[in-house]
Amino acid sequence: QVQLVESGGGLVQAGGSLRLSCAASGNIFGINAMGWYRQAPGKQRELVASITITGTTNYADSVKGRFTISRDNAKNTVYLQMNSLLPSDTAIYYCNLNLKTPISGRPYDRWGQGTQVTVSS
């Protein structure tokens, strides 16, 4: 089974920076894409940023220009560099991997445990 371990969350002041990491281990046959989602209290989970295994990126409009997603394919790790943080960025951030099954290659998702990011004003 694939395991995802997130780290890097915490409490920061507005305008500060934080870097999230998500490392995958286990029976990894192949990865299609990696991404970060977040969920604030009373709101739906939303996509923050994603990156394909070939490097194509996608960002939510609310974080474009402030956040950067990157990955290390050799380490099966995805990062989210968050700069110029705002109180509205406060949420639980979840790592997501879209994986391939080893036999058929069909896609499936795995989620990290979530890490709390709190931005004070």
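Rings of Phe, Tyr and Trp (its six-membered ring) were taken to pair if their centres lie within 6.5 Å, with planes under 30 degrees apart counted as stacked, over 60 as edge-to-face and the rest as tilted. The structure examined is a predicted model, in which local features need pLDDT of at least 70 and side-chain atom pairs count only at pLDDT 80 or more, whereas totals for chains, interfaces and linings use all residues. Residues are numbered from 1 along each chain as its sequence is written, and side-chain values use heavy atoms, with hydrogens and water left out.

A search of the whole structure returned one aromatic pair. The pair is formed by tyrosine 37 and tryptophan 111 in an edge-to-face arrangement, with 5.0 Å from centre to centre and 65° between the planes. Tyrosine 37 belongs to strand β4 (residues 30-39) and tryptophan 111 to strand β10 (residues 107-111), so the pair ties together parts that are 74 residues apart in sequence; strands (E, at least two residues) are DSSP runs, numbered from the N terminus. Tyrosine 37, at 23% relative accessibility, counts as partly exposed, and tryptophan 111, at 38%, also counts as partly exposed, where buried means under 20% relative accessible area, exposed over 50%, and partly exposed in between (1.4 Å probe, protein chains only).

For disulfides, defined as pairs of cysteine sulfur atoms within 2.5 Å, the count comes to one. This disulfide joins cysteine 22 to cysteine 95, with an S to S distance of 2.2 Å. Cysteine 22 lies in strand β3 (residues 18-25) and cysteine 95 in strand β9 (residues 91-100), so the bonded pair ties together parts that are 73 residues apart in sequence. The torsion about the S-S bond is about -85°, and the disulfide is therefore left-handed. Cysteine 22 is buried at 1% relative accessibility, and cysteine 95 is buried at 0%.

Terms used
Helices (H or I, at least four residues) and strands (E, at least two) are DSSP runs, numbered from the N terminus.
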